[in-house]
Amino acid sequence: MKARILVDADSCAKRVRKWLMARAKDNEIELIFAANRDLSPDGSPAGQSQNFKMIVCPAQSQAADKWLLANAAAGDLVITRDIPLAASLLGKGVAAMNDFGKVFDKQKIDRALKERELSLQMSQLGLGTKKRDSYGQNEFEAFAKAFNEVIRRKNC
């Protein structure tokens, strides 16, 4: 069975996107990036190859998220930082994780949704929380380890 990995590429670290491209070439993985602009790391026009597709969505709010939700199927893995999208995907039986290595399940997604709501409320009150600006080696290693474990469990 060929694994399908779909990536919310707008917010995914460039380092992760490149690493996923290498994994797709070396393994039986179909890799699909969805974003509102072409983020093909290989520079190929339209970002198409045997194992890779770049879906360029309209430059509208949430267009890539809507595409991912409509096209992901049970058994797929979606990589996204978007918590509401991850929650919707889990409801469809689609595995979801972020590029920091957090693999979402019902309990984790419920907590993340509550934390997101609290953060939004704090921001509206002018008490915004500090956002993470960097993506370094530790974050990448956590992602790679979690990704490999998810793929291993899926027998891909």
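1. Where in the chain is Q62 found? Q62 sits in the loop that runs between strand 3 (52-56) and helix 2 (63-71), where helices (H or I, at least four residues) and strands (E, at least two) are DSSP runs numbered from the N terminus. Although Q62 is not a glycine, its phi is positive, at about 70°. Q62 counts as partly exposed because its relative accessibility is 40%; buried means under 20% relative accessible area, exposed over 50%, and partly exposed in between (1.4 Å probe, protein chains only).

2. On the basis of the model: this is a predicted model, in which local features need pLDDT of at least 70 and side-chain atom pairs count only at pLDDT 80 or more, while totals for chains, interfaces and linings use all residues. Residues are numbered from 1 along each chain as its sequence is written, and side-chain values use heavy atoms, with hydrogens and water left out.

3. The chain holds five helices and five strands, and these follow the pattern β-α-β-β-α-β-α-β-α-α when read along the sequence. Of its 156 residues, 40% count as buried.

4. Leaving aside residues up to four places away in sequence, N98 touches I79, T80, R81, F104 and F143, contact meaning heavy atoms within 4.5 Å.

5. Among contacts in the chain between residues at least 6 apart in sequence, those that join residues at least 24 apart make up 52%.
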